[in-house]
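Welcome! Have a look at the sequence and the 3D view, then follow the notes below.

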Amino acid sequence: MSTLEGKVALITGGARGQGRSHARTLAQAGADVIVIDICADLATVPYRLASEAELAETAGEVQASGRKCVTKIADVRDSAAVVTAVDEAVAELGRLDIVVANAGVLSWGPVDCTPQQVFDDTIAVNLIGVWNTFEATVPHILEHGDGGCIVVIGSTNSNSAKTLEVSTAARAYVASKHGVIGLMRSYALQLSPLGIRVNAVEPCGVDTMMLTNDAAQRIIEQGGPYDMLNPMGMERIEPEDVSAAIEFLVSDRARYITGIEFPVDAGFGVK
Ligand SMILES: NC(=O)c1ccc[n+]([C@@H]2O[C@H](COP(=O)([O-])OP(=O)(O)OC[C@H]3O[C@@H](n4cnc5c(N)ncnc54)[C@H](O)[C@@H]3O)[C@@H](O)[C@H]2O)c1
């Protein structure tokens, strides 16, 4: 029997990148999957966000594993929209066990917006969006009484201010990724006695559009105040490396693991 058979997992920002890999991995482990994504661009983000076609591709990859997939378009900044999307999707699949709060943005590079707008949007997506995701999903996990797991996606910037750019966008990203660790700890303390484990995964650079877009590439090529080379000798890992950590943390093999930061960073944290 697959480790996650009979369970339903929800992933925000799952139309592409790491979120898609998490959806595919959890489906291969036996879970049905709910994928939420904005499927629209933000003026404060200098690269395109996911499209509806990409969201449909993720659903296709989940279904190829013989699992059900419900997709919803919602902006994690919008609490009411997240509640509606989660309620409708859970009604369709019958329950909710696992949540991966993954949606995020990184606005390195020029945008036609004020620094204030960049700061506000980054915090709204990366931090308030995670809070909105907890608030919308926890009641559904509590409903069945079997417990569950929530993973928030931090970053090496959850513990370090080292970024390739010195800017408002970089400060906002660092602040948001430190902030999600506070949320993770706070919810872990509250929810662990109720059978819901809460943990954070903290990747180093990952090979996705967040880093491969033109604006970020220009900054990477110029070289910044800190290099991204990890002690293991590479600058980026693959989305599947992060998914493997998540698959472990949401499985029963991790049944006594809660409230932790789990780096998947090729040693970046000891630099
Ligand atoms: N790529 C990296 O180097 C890296 C490193 C560490 C942590 N992370 C984190 O990993 C997570 C996934 O990022 P990724 O690397 O897959 O990048 P990505 O840009 O490929 O994926 C992000 C996804 O989130 C969605 N999204 C953005 N804003 C949203 C919103 N307001 N509401 C709903 N969905 C929204 C996008 O449409 C996209 O599908 C993010 O939280 C990111 O901060 C990324």
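Let's begin in the loop between β2 (32–37) and α2, where Thr 44 is found. Keep in mind that this is a predicted model. From Thr 44 we go on to another residue of that loop, then to a helix pair and to two further residues.

- Is Thr 44 buried or exposed? Its relative accessibility is 4%, so Thr 44 counts as buried, the limit for buried being under 20%.
- The side chain of Thr 44 makes a polar contact of 2.5 Å with the side chain of Asp 121.
- Setting aside residues up to four places away in sequence, Thr 44 touches Ser 107, Val 111, Cys 113, Gln 117, Val 118 and Asp 121.
- Cys 39 also has its place in the loop between β2 and α2. With a relative accessibility of 14%, Cys 39 counts as buried.
- The backbone angle phi of Cys 39 is near 50°, which is a positive value in a residue other than glycine.

**How α1 and α2 pack**

- Two packed helices are described by the angle and the distance between their axes.
- For helix α1 (residues 17–28) and helix α2 (residues 52–64), the axes come within 9 Å and cross at roughly 20°.
- Angles under 35 degrees count as roughly parallel, and α1 and α2 are therefore roughly parallel to each other.
- The crossing in which α1 passes α2 is right-handed.
- Which residues meet here? From α1 come Arg 20, Ala 23, Arg 24 and Ala 27, and from α2 come Glu 54, Glu 57, Thr 58, Glu 61 and Val 62.
- Sorted by type, the residues of this contact are three nonpolar, one polar and five charged.

**Thr 137 in helix α4**

- Thr 137 has its place in helix α4 (residues 115–144), and at 1% relative accessibility it counts as buried.
- What does the side chain of Thr 137 reach? At 2.7 Å, that side chain reaches the backbone oxygen of Thr 133.
- Leaving aside neighbours within four places in sequence, Thr 137 is in contact with Leu 10, Val 86, Leu 96 and Val 99.

**Ala 266 after β7**

- Ala 266 lies in the segment after β7 (261–264), and its relative accessible area of 12% makes Ala 266 buried.
- Phi of Ala 266 is near 50°, a positive value in a residue that is not glycine.

Notes:
Residues numbered from 1 in each chain as written. Predicted model: local features only at pLDDT ≥ 70, side-chain atom pairs only at ≥ 80, totals over all residues. Heavy atoms only, no water. Axes fitted to C-alpha atoms, helices over the stretch in contact; angles between N-to-C directions. Helix = DSSP H or I, 4+ residues; strand = E, 2+ residues; numbered from the N terminus. Parallel < 35°, antiparallel > 145°, perpendicular 65-115°, else oblique. Left-handed = near helix turned anticlockwise from the far one by under 90°. Contact = heavy atoms within 4.5 Å. Nonpolar A, V, L, I, M, F, W, Y, C, P; charged D, E, K, R; others polar. Buried < 20%, exposed > 50% of the residue type's maximum accessible area, 1.4 Å probe, protein only. Polar contact = N/O pair within 3.5 Å; in protein donor to acceptor, adjacent residues only side chain to side chain.
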